[in-house]
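The following questions and answers examine a pair of protein chains, their interface and selected side-chain interactions.

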Amino acid sequence: MFSLLDNHAKLVKVIAASEGIVGRKKLQKIIYIMKKLGLPFEEKYTFYFYGPYSEELSLRIEEITNLGFVSEVKEKKSNYYQYRYQVTEQGEDFLKHSNTELPLEQSLLQEMKEQSSRFLELVSTMLYFDHLPKPEVEQKIQEVKKKSNYTPEDIKEAWGFIGRLQK
Amino acid sequence: MAYKDEKLHEEKVFKDPVHRYVHVRDQVIWDLIGTKEFQRLRRIKQLGTSFLTFHGAEHSRFNHSLGVYEIVRRILINFEDRPNWNHEERLLCLCAALLHDLGHGPFSHSFEKVFKLDHEDFTRAIILGDTEVNHVLTNVGIEFPQKVADVINKTYHDKLVVSLISSQIDADRMDYLQRDAYFTGVSYGHFDMERILRVMRPVEDQVVIKESGMHAVEDYIMSRYQMYWQVYFHPVTRSAEVILTKILHRVKALYDGGYTFKVEPSPFVSFFEEQVSLGDYIKLDEAVVLYYFQMWADEDDPILSDLAYRFMNRRLFKYAEFNPNLQMNEWMELYQLFRDIDLDPDYYLVVDSSSDLPYDFYRPGEEEERLPIHLLMPNKELRELSRQSDIVEAISGKKRTDHKLYYPKDLIEKLPEDRPEKQKIKKILNKVRL
């Protein structure tokens with residue numbers, strides 16, 4: 001079986017299955033969380049100022065938009081821009097030719113999509129430190145996310161969310 | 001005197017072609033350089049397969065690591081007594097700068113892709129594990145190795161410290177751009193680093209640049225832009241990388257299939273089985289890898305021996321520009337034709353995308369994740385670089401993606417002229433090329 005642009009196809013599949021995603025940060029965090037749940041994404045993530053981030057993924061997103069598989073619409077918000085991603089007809093056609101397998105769980109994807117990118121940033125940061133015991137993860141969040149002002153309630157909610165994802 | 005404060009009797013210097021001299025006065029730094037894990041970096045090339053394109057590009061991670069250390073040392077001299085700078089972090093910054101690439105392996109980009117590894121995990125493992133580096137760092141303080149690992153991992157609480165080693169204008173990039181330019185011999189990659197170091201200022205959680213130094217930073221950004229397209233993305237280097245990756249894929253597939261190798265590939269077994277210990281990882285350097293490539297060129301498996309021979313003797317694949325969207329059907333047709341002529345397309349027909357490469361352009365702020373470069377304006381406000389500089393703005397939003405199709409032209413040419421597949425393949429490739 002041939003595979004052309006496997007990693008691109010996985011990304012297009014996620015955007016198609018979620019019927020569009022708004023926000024680069026949200027897309028970054030959703031892919032990271034799915035990767036941590038064991039889905040076969042190969043993009044390499046490192047920790048940046050706002051949590052786990054993949055330069056490879058950023059570029060891959062540019063590639064699928066340049067190839068016309070996904071449309072990117074820049075929307076102006078009060079003090080920043082956000083980007084809306086939607087799979088195009090060409091993208092649908094590309095997926096038909098692709099043999100890439102990605103066991104996506106629709107409900108899980110929807111649940112992530114409905115969360116704010118700020119919350120997904122917290123969840124992905126907690127998952128980044130998942131090799132540490134729980135109290136140390138929380139300590140780390142206070143250290144590296146000082147400016148985000150996450151409350152104990154936010155963190156509790158995030159633990160609950162992670163628990164549901166990992167079921 | 002505490003070990004962390006110990007100084008050498010006399011300053012040691014390393015002659016360096018980029019920075020002229022690398023100065024060492026701290027005993028801790030001197031001891032780290034002498035560890036076997038750091039010395040190992042002499043046997044890992046900084047630019048991987050680029051030496052097959054630019055014959056001068058034989059410099060090592062050892063050279064680069066010393067260079068990054070030297071730049072941070074100079075930045076910190078400039079930071080002394082400035083507001084927002086905590087002198088207590090000096091040794092931590094120097095150690096992190098020196099050790100930031102410690103976990104790189106031979107041709108690490110390909111190895112990481114094929115064997116699902118991450119050199120950053122190994123950097124952390126060497127710093128925190130039972131190693132000579134760890135023993136030196138532990139002598140500074142029991143928590144010091146963890147702090148060094150956190151700075152390199154960008155999870156240290158003091159973001160100012162992190163940004164010296166890892167930001168859009170950090171010591172790592174400033175060294176490799178100049179060093180790679182020097183050793184490849186290209187004329188891009190040069191910028192006025194002395195000027196940038198003089199206008200760097202520590203603020204609360206990042207290093208910023210005085211507005212008067214903007215033009216020096218523009219030069220640095222342009223040099224990044226040029227180096228990426230002219231050196232790091234060079235299509236011939238990518239061809240070598242493609243072959244290297246396919247060798248690793250093939251050898252793993254053979255191992256998984258129970259193939260009997262003429263020379264047992266013992267140093268690779270834990271990589272094939274995806275159970276690499278720190279000891280296995282540290283032992284594998286380029287000398288070992290190239291020895292096995294030489295051996296594999298004589299293997300009975302025709303794909304492995306051909307690919308290994310190609311790499312060792314620079315018989316690289318040719319390439320054509322490729323648009324996977326417009327040329328999807330051509331690709332599928334080529335795939336089948338390669339099968340028809342018994343050339344396994346999984347090894348001999350490869351689309352390589354720019355996102356498959358270690359990539360790193362300057363991106364401005366907006367909704368992005370990475371902290372952009374900030375200028376410190378005369379009124380003390382911070383302003384993102386591309387909003388102030390027309391030159392940077394002009395290249396920030398440009399298309400950065402590129403796909404190429406790699407194939408062994410020599411093997412296609414060797415086919416008899418009367419084979420219909422040959423003409424069809426050539427016709428498609430000529431069309432793709434246009």
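Q: Is A:Phe94 buried or exposed?
A: In this predicted model, the relative accessible area of A:Phe94 is 1%. The cut-off for a buried residue is under 20%. A:Phe94 therefore counts as buried.

Q: Which arrangement do the rings of A:Phe69 and A:Phe94 adopt?
A: A pair of aromatic rings is described by the distance of the centres and the angle of the planes. For A:Phe69 and A:Phe94, the centres are 4.2 Å apart and the planes lie at 5°. Planes under 30 degrees apart count as stacked, so the pair of A:Phe69 and A:Phe94 is stacked.

Q: How many residues apart are A:Phe69 and A:Phe94, and where does each lie?
A: A:Phe69, buried at 0% relative accessibility, is in the loop between helix 3 and strand 4 (70-76) of chain A. A:Phe94 belongs to helix 4 of chain A. The pair links distant parts of the chain, and its separation is 25 residues.

Q: What is the geometry of the aromatic pair A:Tyr48 and A:Tyr53?
A: The count of aromatic pairs over all chains is 35. In the pair of A:Tyr48 and A:Tyr53, the centres are 5.3 Å apart and the angle between the planes is 90°. A:Tyr48 is buried at 14% relative accessibility, and A:Tyr53 is buried at 1%. Planes over 60 degrees apart count as edge-to-face, so the geometry of A:Tyr48 and A:Tyr53 is edge-to-face.

Q: What area do chain A and chain B bury between them?
A: The contact involves 45 residues of chain A and 42 residues of chain B. Carbon and sulfur atoms account for 54% of the buried area. The area buried between chain A and chain B is about 4,100 Å².

Q: Which three residues supply more of the area that chain A buries against chain B than any other three?
A: The share supplied by these three residues is 16% of the area that chain A buries against chain B. They are A:Leu4, A:Phe49 and A:Glu55.

Q: Which residues does A:Leu4 touch, not counting residues up to four places away in sequence?
A: A:Leu4 is placed in the segment before helix 1 (6-17) of chain A. At 8% relative accessibility, A:Leu4 counts as buried. Its contacts are with A:Phe94, B:Phe322, B:Met328, B:Trp331 and B:Val351.

Q: How many salt bridges are there between chain A and chain B?
A: Side chains of opposite charge can pair when their charged atoms come close. Between the chains, A:Lys44 and B:Glu112 meet in a salt bridge at 3.4 Å, N to O. The count between chain A and chain B is four salt bridges.

Q: Which element gives the largest share of the side of chain A that touches chain B?
A: Seven residue pairs, both members at pLDDT 80 or more, are in polar contact between chain A and chain B. The elements that give two or more residues to the side of chain A that touches chain B include helix 2 (24-36), helix 3 (55-66) and helix 7 (134-144) of chain A. The largest share is eight residues, and it comes from helix 3 of chain A.

Q: Which parts of chain A does the salt bridge between A:Glu43 and A:Arg60 tie together?
A: The closest N and O atoms of A:Glu43 and A:Arg60 are 2.9 Å apart. Both A:Glu43 and A:Arg60 are buried. Because A:Glu43 and A:Arg60 are 17 residues apart in sequence, the parts tied together are the loop between helix 2 and strand 2, and helix 3, of chain A.

Q: How many residues apart in sequence are the parts that B:Asp402 and B:Arg238 tie together?
A: The side chains of B:Asp402 and B:Arg238 meet in a salt bridge of 2.6 Å, N to O, and both residues are buried. B:Asp402 lies in the loop between helix 21 (390-396) and strand 9 (403-407) of chain B, while B:Arg238 lies in helix 13 (residues 235-256) of chain B. The pair therefore ties together parts whose separation in sequence is 164 residues.

Definitions and conventions:
Residues are numbered from 1 along each chain as its sequence is written. Chains are lettered from A and ligands numbered from 1 in the order in which they are written. This is a predicted model: local features need pLDDT of at least 70, side-chain atom pairs count only at pLDDT 80 or more; totals for chains, interfaces and linings use all residues. Side-chain values use heavy atoms; hydrogens and water are left out. Contact means heavy atoms within 4.5 Å. Buried area is the accessible area (1.4 Å probe) that two parts lose on being put together, summed over both. A polar contact is a pair of N or O atoms within 3.5 Å; within protein, one must be able to donate a hydrogen and the other to accept it, and residues adjacent in sequence count only if both atoms are side-chain atoms. Helices (H or I, at least four residues) and strands (E, at least two) are DSSP runs, numbered from the N terminus. Rings of Phe, Tyr and Trp (its six-membered ring) pair if their centres lie within 6.5 Å; planes under 30 degrees apart count as stacked, over 60 as edge-to-face and the rest as tilted. Buried means under 20% relative accessible area, exposed over 50%, partly exposed in between (1.4 Å probe, protein chains only).
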